[in-house]
Amino acid sequence: MRLVFWAAFWAFLTDQASKYLVVHGLNLAERGQIDVFPPFLRFRMAWNEGVNFGLFAHDSDAARWILIAIAAVICLFVLFWVRRDPPGRIGLISAGVLIGGAIGNVIDRLLYGAVADFLNMSCCGINNPFAFNLADVWIFAGAIGLAIFGGSEKAS
């Protein structure tokens with residue numbers, strides 16, 4: 001379980017540090033957009049009150065608390081799962097980065113009422129209007145890692 005803790009810690013820390021540096025340090029909240037490597041990478045400020053791509057965004061305090069509760073339940077479920085049926089090393093790291101990313105977005109909801117999204121990537125003539133953050137990357141990578149490596153170590 002130490003591996004889960006440390007993976008969660010580093011995922012959380014990198015997410016929160018990146019948000020602080022970009023949103024506050026580069027003043028993205030005021031500037032709105034910064035071209036880093038256009039069109040492939042832009043920092044574009046988006047306060048996401050819903051889930052991925054703004055789905056289920058309702059300008060209500062109840063929705064915010066429901067999303068916080070769902071994230072907490074998912075984190076507890078993942079912890080219970082990997083404790084009960086421990087996967088291998090990659091599965092434990094996957095669980096940790098998923099949990100760390102989820103906690104990073106929960107902290108945003110608690111502090112700001114919404115998740116700070118700022119990464120915007122486009123390519124090949126397709127203009128992507130959506131922004132995401134490092135926590136979203138960790139959650140996605142952790143979920144994929146658990147899907148592939150989440151089986152019991154005994155089953156390997």
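1. Start with L13. This residue sits in helix α1, which covers residues 2-25. The model is predicted.

2. L13 has a relative accessibility of 34%. Buried means under 20% and exposed means over 50%. L13 therefore counts as partly exposed.

3. L13 belongs to a nonpolar surface patch.

4. Now turn to the rings. The structure holds eight aromatic pairs. One of them joins W6 and F9, with ring centres 5.4 Å apart and planes at 80°. Planes over 60 degrees apart count as edge-to-face, so the W6 and F9 pair is edge-to-face.

5. Where do W6 and F9 lie? Both are in helix α1. They are three residues apart, which is about one turn of the helix.

6. F9 also pairs with W10. Here the distance is 5.1 Å from centre to centre, and the angle between the planes is 80°. This pair is edge-to-face too.

7. How accessible are these residues? W6 has a relative accessible area of 43% and is partly exposed. F9 is at 31% relative accessibility and is also partly exposed. W10 has a relative accessible area of 47%, so W10 is partly exposed as well.

8. Which residues form one aromatic cluster? They are F5, W6, F9 and W10.

Notes. Residues numbered from 1 in each chain as written. Predicted model: local features only at pLDDT ≥ 70, side-chain atom pairs only at ≥ 80, totals over all residues. Heavy atoms only, no water. Patch = residues over 30% accessible without salt bridge, like charges linked within 9 Å, V, L, I, M, F, W, Y side chains within 5 Å. Areas by Shrake-Rupley, 256 points an atom, 1.4 Å probe, with all protein chains shown as cover. Salt bridge = Lys/Arg side-chain N within 4 Å of Asp/Glu carboxyl O. Helix = DSSP H or I, 4+ residues; strand = E, 2+ residues; numbered from the N terminus. Buried < 20%, exposed > 50% of the residue type's maximum accessible area, 1.4 Å probe, protein only. Phe/Tyr/Trp six-rings, centres within 6.5 Å; stacked < 30°, edge-to-face > 60°.
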